[in-house]
Every structure is written in structure tokens, then in C-alpha cells.
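Biologist: I'd like to learn how to read helix packing in a model. Could you walk me through it?

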Amino acid sequence: MSTSSKSSARSVRSIRSVVSDYGTIAQSDTDSDKSSDVSPHGNDYDGGSGSEVPYDRARRRSFIEEDEDPLQIELPVKKPKPVTWSSLPHKGQLAILTAARLAEPLVQTSLRSYLFYQLKSFDRSLPDSVIASQAGIMQSSFAAAQLCTAMLWGRASDHGGRKRVLLIGLSGTMISCLGFGFATTFWQALIFRMLGGALNGNVGVMRTMVSEIVREKKYQSRAFLILPMCANIGVIIGPMMGGLTSDPAGNYPSIFAGIKWLEKFPYSPPNIISAIFLFCAACFIFFGLEETHERYAQEHDRGVHFRRKVAGSLRRIFKGEKSGYRSYESLLDSHDGSVTEYEPPKPKKHIAPRYKNKLPFRRIFTYNVICTLICHALMAGSMGTFNNVWYSFLSTPVYDPAKAPPDYTPHPPFTFTGGIGLPPRSVGFAMAILGSIGISMQLFIYPLVNDRLGTVRSWRIFLYCFPFVYILAPLLSLIPSTTPPPSQKTGWPIWISITSVLFLQVVGKTFASPATTILINNCSPHPSVLGTIHGIGQTASSAARTVGPALGGFLYGLGLRNGVVAAVFWGLAIVASFSCVASNWVREGNGHEIRLEGDDEAEAEAEAENRPLLRSLLEL
């Protein structure tokens, strides 16, 4: 080491030592005075102004030892910034996924607001108990078709890319909507519902894409909240859209009376609107969404390429007009003189490890995966059954003692029957209440509670909301009304009661649904089967939602006929209690429980490729 380097290093350390260890110096001088150790100038250090620091052999030796070591500079450590909605990475890609996910809840929730009445329009001679059973079959048919294909779509996304599967799902659901809206019999409607379910595996694929777009765990509580949030937005808009646009010739005769196709297909308008939403979502996916599967992300994407070319051309046109000159539109190739369009490079992204080996299917089902899937199926089944029975319960006519069988006498709180008798518009309004509460809680309350309690703990706590909801819901039939039967229930008591029950249900759903998605994502034993895991999760959910609504609709109709309308709800309370108990065996994984040969090398290569990106971020 040169003399100048030693001198500068010693000066820096001397200043730092004097500033930080002033008390140590003073103590050393005090000890020197006690041992009659006098400075070379003969002056004792007394701390007064103008006095000199005495000669300290210990500090002199420390300087010599430090000079023999190379100079080390410690970089300042930045405090981590708090995670907010605005700090989420790749917000543009998440917004496109949000738009695509929003289109599907609009279809489902719009359908529920008028399904009871559309089924009744197929054959008006059928009793309400049969219509309730048909509604359960119709809802479960979609899930039954998904049960057969969801895992296949998940594996297809692992082997062929995520974006292609999303486009197929949106297109299939759009065709299903149009066919369902123009159906004239129960069997036609059932076939189109099953077609939509068979071609749609989008929920699992979208969850996989969210986990690939947002890889850091600190953002997961917000990123995975986006998809359930779309469901709540759909619950706000969908039922109101369905209730307002269904049967326009009957509801708005002064405007639409005499229009033949609306009289023949009264429930086609909400389905046409849903198909338009799905078409727009497919366009957003095709032109805006980038492939997230690492194996296919580098392939040529026609939709994204076309969108960039159009955006670049518009940018050049408007820039040229604004600045008063024509900008360059092409670059001449130096070899053959041909014109080459300039395409801006893609922004650098975090590169995921490229794992060469894929986990065999037989090794996917670890203990934690099985426990997580069982809890997910129980919760999805109970929620899906409740949603189906709840809409039928809201639409079921109020119990009228004048039309009751002669041998039937209600004995609350166990033996009673009847529903709320709400028309489609009021059903839509009731469900909009649910969605409004949910979206507010998901935006402002869930991230804070999840950060405080953790994913698993908050999930276990709020699962206990569902048994209470299912016990209280049928008791709404006993709430007094301001109008006599058979008119619908009206007045503040019934609406306050509906809002209270829905509030408790939304609280449980708001905290349990995103947490379940995170747990399924993190229980994946290996990153190479992430899409398959989400496909299996959707399969488990579809299986539960196949059996649940069909069985629930049958039991609800049976309860109406026998005067025990609450039986199906209390059965759901028992299932929800099992889900609460089973949650104690679930733990949050890390997404890479099983290590395969070559995984360490793949992660080391990815870390080396990401190092320049991390360095550039630190410089910012």
C-alpha cells in the first residue's frame, strides 16, 4: 500500500474514531494521568479549549493494524419501503389480467339474478320446488364441465403457454353466453352452460400468471387480492345489469313492447352484454398481455408485436405534428439497403430460473398439497352451494298461510318455509350491497390485517364466519314485512337483516378467498408444476361446486315441499365447520418443497443474469 493511501485511510479512520469514540479517548487519558503518563509537550489533557489530544499508544497501534488491511467501504443500507397498491410491480400487466377476470364474474353474477325466472319461462307449469332443483343443476353443470377439463387446461398452460389458454377460455365463455341467452328449453341452456365450463380453465391460469408476474412474497397479499376483488366488482355490477336488462319487453313495455325477438328471447340482452365484455377482454389479452411462462416468453407474440407497431406509428405521427417536422419512420439496413422498422426494446424484467427438470405428476401430491386442496374444496363447495341456494331463497315466494297445505303448521325456529319473494331488480340490488361491502374491505382492511396476522392465521380465524352465516340466513324468512303475503317482503327490518347477514358473509369471503389462493400457490412442491397445481386446485373447487349446488338445490326444493326450508342452510353450516377444523393441518409452503437435480445451477444462472438489474435499481 502506498504512503498516500495509508495516510488518507488513516485520516478517515482517525476522524471517525474521534467522533464516535470520544468517551473512550477521554477515559484513556484519565487512565494515563493516573499512571503518570505525560504527553510529549508536557501538558495534561483536561478537556479545555486549546488543549491537545495526548499521545495514546493503544490508538497508535490500532491505526497501524488498520493500515495493514485494505480499505473497505460499507454501502448504506436503505430501509425497505412499505408495500402499497402503487408499489406493485408490472401494474399494466396486472390491469389487463384484472379486466379479463372481471368479465367472467359479470357473466356468472348477472345470470344468477334472473336464472330462477328464465327457467320458469321455459315451462310455467312447473312448481317452485322443481325450478329450484333445476337452478342447482344449471349452476353445477358449469362446474361439472370444469371438473373434467380444469387440470388439462392447467397442464396445457405449462406445456404451451398461459396466454393461449386464456384466449380459448374467454372465447368459449362468449359462445356459451350467446347460446344460453337464446335458449328456449332447459336442455339447450344446460348444454351451453356445460360448453362454457368445459372450455374455461382461466381462474387457475390467471392465478399462475399473477404469481409469475409478482414473484416477491411481500407483494402477494395485494397481488392475489386482485382476482377476488374482481369477483366483488362483478357482484356489484353483474346482478344490477342482469336485473335491469332481463325481460325488457315485460319490464319496460312502453319502450320495448312489440319487438319480436325481445319477446321471444326475453333473457338474451344481459347475455349479449356479457358476450361483448368477454370479447373486449379477449382483445385486451391478445394485444396487451405478455406471456409469463419462462419457456415461451421469448417467442414472437403477434398481438403484442402489432400493438407496439401501431403505438410506435401513432407516437411518431403525433410527435412529428407537434414538433413541426417529420420524424424518421425507418432505418436503412447497411447490408442490403432494405427498410427495417424500428421496434423499441422490451424493458428489462426479473428473470426467473429456467428449471431443466420437471417434477413427475405422481410426486405432486405431498401432504401439504392434499390438506390445502381438501380445505379449498370444502370452502368452495359450501360457498358455491350457498350462492346458488341464496339466490333461489331471495326469489322464492313468501310463505302464505292462505295457500298452505291443510296439515301443515310452522313451528319456528326449526320448522318453517318460504323465501323473500324479491324480483330480479331487487335481487340485483341485494347482491350489489354484498359487492360494495366486499370491495371496500379488500382495498383498505384486508392488506393491513394480513400483514399483521399472516396468511394462515387470518385465514383460519375468518373461516369461522361461514357457519354463523349459514345458520342465520334462513331465519330471514321469519322477519316481519310491511306488506302481507304473497307480496315480497318490504320494510327496513328485512333490508337491515339482509345487509347484516351479507356483511358477515363478505367478511369471511374477503379474508378467506385471497388467502386460499396464496396457500394453493405456495403449496406447489416445485415451480415447474405451478400451473398444474392451480389447475388441480380449480378441479377440486369445480368438483365441490358440481356436487354442492346440485345437491343443495335438490335439498332446498325438498325443504320447501316439507316445510323445513332451513335444512340445507344448516347442512352447509356443518360442512363449513369441518373446513374450520381441517384448516389446522394446513401450512404455508415456499413453492419449492422438492429439489430436483439442476435446480441449484438454474437459480445461480438466474441470479447472475439478474445482478445487473439489481445494481441498476440500487443506483436509482
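Modeller: Helices (H or I, at least four residues) and strands (E, at least two) are DSSP runs, numbered from the N terminus. This is a predicted model, where local features need pLDDT of at least 70, side-chain atom pairs count only at pLDDT 80 or more, and totals for chains, interfaces and linings use all residues. Residues are numbered from 1 along each chain as its sequence is written, and side-chain values use heavy atoms, with hydrogens and water left out.

Biologist: At what angle do α4 and α5 pack?

Modeller: Two packed helices are described by the angle between their axes and the distance between the axes. For α4 and α5 the angle is about 145 degrees, and the axes lie 9 Å apart. Contact means heavy atoms within 4.5 Å, and the residues making it include L115, F116 and L119 of α4 and I131, A135 and F142 of α5. That contact divides into eight nonpolar, three polar and three charged residues. Here Ala, Val, Leu, Ile, Met, Phe, Trp, Tyr, Cys and Pro count as nonpolar, Asp, Glu, Lys and Arg as charged, and the others, Gly among them, as polar.

Biologist: Where is the kink in α4 centred?

Modeller: A bend at a residue is the angle between axes fitted to the seven residues ending there and the seven starting there. In α4 there is a kink of about 55 degrees, centred on Y114.

Biologist: Why are α5 and α6 called roughly antiparallel?

Modeller: Angles under 35 degrees count as roughly parallel, over 145 as roughly antiparallel, 65 to 115 as roughly perpendicular and the rest as oblique. The axes of α5 (residues 128-160) and α6 (residues 162-181) cross at roughly 160 degrees and come within 9 Å, so the two are roughly antiparallel to each other. The crossing of α5 and α6 is right-handed. Among the residues in contact are M138 and W153 of α5, with I168 and F180 of α6.

How values were computed
Axes fitted to C-alpha atoms, helices over the stretch in contact; angles between N-to-C directions. Left-handed = near helix turned anticlockwise from the far one by under 90°.
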